[in-house]
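These are my notebook entries on one protein chain. I record what I looked up, item by item.

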Amino acid sequence: MKKKSIFLLAGIATLYFNNTYAQETTPQDSTRTASIDQVVITGNSNPKKKIESSTAISTFTAKEIQKQNPISAAALLQRVPGFAVETSGGEVGNNLFARGIPSAGAYEFVQVQEDGLPVFEDGALQFANADNFFRVDNSVSRLEALRGGSGSIYANNSPGGLINFITKEGSNDFKGTTKVETSTYGLMRTDVNLGGALVQDKLFFNVGGFYRTDNGIRKTGFKANNGGQVRMNLKYVFDKGYAKVYYKKLDDRNTFFLPIPLSQNGNDLKEFPGFDANYGTYSYRAISQLNIPQAGGGFFNRNLEDGIHPRVDVLGAEFKYDLGGNFSVINKTRYTNINMNYTGIFPAGGPQTMADFAQSEGITGNNYQYSLVSNGAIVNPAYVQKLGFWAIDKQMNNFVNDLQFNYKFDKGNVTAGFYKSNWKSHQYWNWSNILTTASDRPELLNLVDTSLTPTSAGYSKTYNGVTDMSFLVRDSQVQGSLNDLYLNLDYNITDNLSFNGGIRYSKDSYKGYGVNTTTANLNNSGLTTDGTHSFLTTTADDNIAVLGNKYTYWYYDVDRVSFTTALNYKINKENAVYARFSNGFRSPNEEAYYNNMNDLSAIKPVTTNQLEVGYKYYSRTFDVAVIPFYSTLKNLSFTDVFSDGTSENKFANTTNFGVELEGYARLFNNLLEVNFNGTIQNPKYKNFTGTDSAGNFFDYDGNTVRRMPKFYFNIAPAVNITKQWRAYVSMNYYGKRFQDEANTDKNILPSFSEFGAGTSYQMGKIRFAVDGTNIFNTIGITEGDPRSPLTGTGDIRMARPIMGAAVRASITLDF
């Protein structure tokens, strides 16, 4: 039924446009600004044309972003070669892997920036992915995405690259845009952006933002996404420079989607009985409330409908001044404060038969009985599911200042800067496990041992559906103080041959603490489970975690030098080749500190070496970039958190050889446009041996890095049917991967292709658009579940599939 509605909507839109508007020749709704004219600033000391920049950089203007209409920031970044992006988490909380660098997820080896400063200094804190704190809306002027290269010179912890969203500023002409959007999943969104001059040629303003509410593509039974942001800036221009101040407020709630059960036999994926692979989720309204007593008194309350809920305030300023004598200074400063409540459903393994689960709880034979918490009805589900109800609160702040001096001379320029950043993240975890039916509209279950009486100890294995009450509580904090000096030289050896070299010295210090925990129960608390029976009758409270008064404090210093050097040869105004070597690092991540705070000698910064060469061709009708690269990494940590709250805490080295491809063509007198990007790579583990948690020896040397496809690409042809009317299709291919380091056949993540399609019509200053995603309802999994490895051929596979088919329709007015 869903497919029929999608194709019907698309068909009606196409027929309407076809019968209403006449054909013209030159398209007004083209998606591309000629790269030959584009100037980039990210990863460069001064603005320069793309063809003159010795970096692998992709750019997207506001108009290009509008035409792609990405459903999330991660979906937009899928269009960047070298970035393997997992978008199945929803609008936020997604993962990005740059040039085959593995991690537990998030944005660990790239830095996400707004106007050249980090959204938050560390984009891979536990449960604090950088995209939690950023949204793409109409206030974005353009995106510049740099891979490798000079990323380690211009930012911290960014050997994989820089992702820089540049915001709009006002001009002498008052301009604005407003957009309304709806969808097949209950979306109602409004975007507004306004900009202009308060004093001509002197004082400019821009203000924009959005508000959105929707039910989610996966059926949660509640508002899956609800909130918005506002962003504003004020810029004063004077004879020798400018001064700018800005503010951003983000208050948004987003459901985070975790693995669901599928049936897999080799490369064949099928729906698990009772679970819709494209629209189902365990994150459902019937299990959304948690209210449980605590050992120290009081209750812990949580509402799944709050999802990932960041409240972000950002205040910043930027100042540039011409000092004379070819010297100039620019200073950027920003303060960010974040309070985030994070609530998600994390499956604790895969579904089990009701007999198997009862046995795992110590019930023998058939002496088990399941009932619904909602009404007490006795039920016999084919499968039951243990789910983690994970609640995390984080209070974060970051004050950063980047002071930069620049000197221009006949043959180039020299830039010297001092970067200072202080940041802190305090987090509190309270995790419980619940028992539900293994279905996409799960219901809470109670389980009792019928061989015992209701007053017997251990009769019940649950408390209102909770199997493990607050079994994990964590209180910890990490702080960073970064003091970095950097120097960059651009030198034109000849008119066509240029040199770039940069160095960054990082004198960074980190410190933090963790609070120890003990266990307790409610047996002697005087509380009852149901008004009659005491907590002696249930095992759900037997291992409640209680925070103690013992703090483990730790300190860690990083004293590192990063450097890069490159040559760029401009063959002519349309062709160029370059070569670059770079050395960078990433400081240990938050979970690595926590796991090893009693002995930090086990952890080291991840060091990287990258060599890349590239060929670029830019013209008004063709863009081509071919960039082979080779990288090595040492001391890479793996920090996936398991269902019991422990972390894998492994370390490895990797190598990767690959080629990034990016192209654009405008053909047949602008009738056809084609955008393409793709990556071919071969990431491997090196010197990865040891013993696992069970004491078994492993040797993964030479194995393919987990979760990394060797081949992935995106192609999006578009037809400009008339001057106003445009239609497109897109294909996103994601190659085969392995869920585990052992590369076992039973842990293969099959390749998949996702198709999108849409059409738009530009009627003067009004644009109508219809965009469809995953239009063929493909079941494609981006990642498995580290908490539930596959156990055999044809077994249940826990994984995160991409979202099912959906259609959005929008109207945009420019004025």
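**Entry 1: ground rules.** I noted that this is a predicted model, in which local features need pLDDT of at least 70 and side-chain atom pairs count only at pLDDT 80 or more, while totals for chains, interfaces and linings use all residues. Residues are numbered from 1 along each chain as its sequence is written, and side-chain values use heavy atoms, with hydrogens and water left out. Two strands pair if DSSP finds at least two bridges between them.

**Entry 2: the whole chain.** I looked up the secondary structure and found six helices and 48 strands. The C-alpha atoms fill a box of roughly 90 × 65 × 55 Å along the principal axes. Of the 815 residues, 60% count as buried; buried means under 20% relative accessible area, exposed over 50%, and partly exposed in between (1.4 Å probe, protein chains only).

**Entry 3: the nonpolar patch.** I returned to the patch and listed its members: Phe 418, Leu 485, Leu 487, Ile 503, Tyr 505, Val 561 and Phe 563, with about 580 Å² of surface. Patch residues have over 30% relative accessible area and no salt bridge; like charges are joined within 9 Å, and nonpolar side chains (Val, Leu, Ile, Met, Phe, Trp, Tyr) within 5 Å. A salt bridge is a side-chain nitrogen of Lys or Arg within 4 Å of a carboxyl oxygen of Asp or Glu. Areas come from the Shrake-Rupley method with a 1.4 Å probe, and for residues only the protein chains shown count as cover. Phe 418 lies in strand β27 (residues 412-437). Is Phe 418 buried or partly exposed? Its relative accessibility is 33%, so Phe 418 counts as partly exposed.

Entry 4: I consulted UniProt, whose unreviewed entry lists residues 50-161 as "domain: TonB-dependent receptor plug". Positions there are given in the numbering used here, feature names are shortened, and annotations may be inferred rather than shown by experiment. In the model, this span is 14% helix and 30% strand, and its end C-alpha atoms lie 16 Å apart. I next traced an open sheet of five strands, ordered β3-β10-β11-β6-β7, with mixed pairing. Its edges are β3 (56-61) and β7 (117-118); each has a single partner strand, so one side of each lacks a neighbour in the sheet. Strands β6 (residues 110-114) and β11 (residues 161-167) run parallel and are joined by five bridges. Glu 114 has Phe 165 in β11 as its bridge partner.

**Entry 5: strand β22.** I asked how many of the 21 residues of β22 (residues 327-347) are buried. The count is 15, so the strand is largely enclosed by the rest of the structure. Strand β21 (residues 308-324) pairs with β22 in the antiparallel sense over 16 bridges, and Val 312 stands opposite Ile 338. In the hairpin of β21 and β22, two residues lie between the strands, and Gly 325 takes a positive phi near 65 degrees. β22 also runs antiparallel to β26 (residues 383-409), with 21 bridges; there, Tyr 342 has Ile 392 as its bridge partner.

**Entry 6: strand β44.** I found β44 (residues 752-763) paired with β41 (residues 725-734) in the antiparallel sense over ten bridges. Val 729 stands opposite Ala 757. β44 also pairs with β45 (residues 766-773), antiparallel, over seven bridges. These two form a hairpin with two residues between them, and Gly 764 in the turn has a positive phi of about 65 degrees.

Entry 7: I looked up Leu 262, found in strand β17 (residues 260-265). Its relative accessible area is 0%, so Leu 262 is buried. Leu 262 and Asp 795 are 533 residues apart in sequence, and their C-alpha atoms are 8.7 Å apart in space.

Conventions: Helix = DSSP H or I, 4+ residues; strand = E, 2+ residues; numbered from the N terminus.
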